Amino acid sequence: MDKMSGSKQQDKGILDVVTFGESMALLIAEGGKGLEYASNLSPSIGGAESNVAIGLARLGQASGWCGRLGNDPFGRRIIKAIRGEGVDVSRVQLTDEAPTGLMVRENVAGKSSVYYYRKLSAASFMRPEHLDEAYIASAKVLHLTGITPALSASCIETVHAAVAMAKRNGVKVSFDPNLRLKLWNLEEARQVLLPLAQQADYFLPGLDELKLLYQIDAMDTITGKLKELPGISIIKGGEDCTYVLEKDELIAVPYFKVDQVIDTVGAGDGFCAGFLAGVVRGYSMEEAVRLGNLIGSQVIQAVGDWEGLPSGVEIEQLLSGKGHVER
């Protein structure tokens, strides 16, 4: 039996971005020790799509995240955490049929490793009928990642159904392939992710992901492939820059350099949040990517998937050059 997480909070037309996928309980080994030797595990939550929704909410945008969670302590914790960040969770479903997914992370010698316990999780049973078309129609942008279709065949159907709903209702589609080879092999991923890229208004791949998906290394050949897509491509992970490919024009937008990188996990989600905030505010693609780069630069200076996402006030201070006042 499924339960809605709360009353229907949003009316048509007031969401900037809606997204859905799997959010999981997260346990992080403390003290720079591997999981075999760590004495303490710090609890949190994580999920690419909910990270983006939280990032948008912190920037002052109206965001909604939906999905399915187990009706268990982890699932309820996730809902409370995301709701507490100002994200609409009125379409989240709790189910007694399957548990909430779990991921465990260690950071040893500067290298982060993630272990997933998500097979047969509640999210993996998502089906098209779990979607609310009116909810998707209420947004300006539907943001999806390639993680969700990697979970199961029914999740692939659900993602395609969501895209169709967005297209029917004039909602832009943002797609980050977020290639996860621990969830499926490369050939399986290519067969699903490349057709989704064809349907995206904003395609947000990393350069390394493109090299794998297209099985080519040369940048000019990669951009040639991207020019065949109908939407705008934003290429993350360039050499000191993010690329914007719009109408056959390739623009490099420089990164914001930081003094110390603490944890790179979640940087891509932070970028997506900043970029989408720029999109719904009507920024040019270059301005939106610049904001995405700035958000990403802040995320890598904190531990955690989403904890380092800055607020709109903090971003304004950074852009205006105002320093932090300690006392």
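Strand 14 (residues 241–246) and strand 15 (residues 249–254) run antiparallel and are joined by six bridges. Strands are DSSP runs (E, at least two residues), as helices are (H or I, at least four), numbered from the N terminus. Two strands pair if DSSP finds at least two bridges between them. The model is predicted: local features need pLDDT of at least 70, side-chain atom pairs count only at pLDDT 80 or more, and totals for chains, interfaces and linings use all residues. Residues are numbered from 1 along each chain as its sequence is written, and side-chain values use heavy atoms, with hydrogens and water left out.

Strands 14 and 15 form a hairpin with two residues between them. In the turn, K247 has a positive phi of about 55°. E246 has E249 of strand 15 as its bridge partner.

Four strands make an open sheet in the order 4-3-8-9, with mixed pairing. Strand 4 (41–46) and strand 9 (111–117) are the edge strands, each pairing on one side only. Strand 3 (residues 24–29) runs antiparallel to strand 4, with six bridges between them. Here I28 stands opposite S42 in strand 4.

The largest pocket holds about 1,400 Å³ of space. A pocket is an open set of points on a 1 Å grid over the protein atoms alone, where a 1.4 Å probe fits, with protein on both sides within 12 Å along at least five of seven lines; lining residues have an atom within 4 Å of a point. The volume is the space filled by probe spheres set on the points, joined across faces, edges and corners. Of 49 lining residues, R180, T264, V265, G266 and G268 are closest to the centre. Strand 9 gives the largest share of the lining, five residues.
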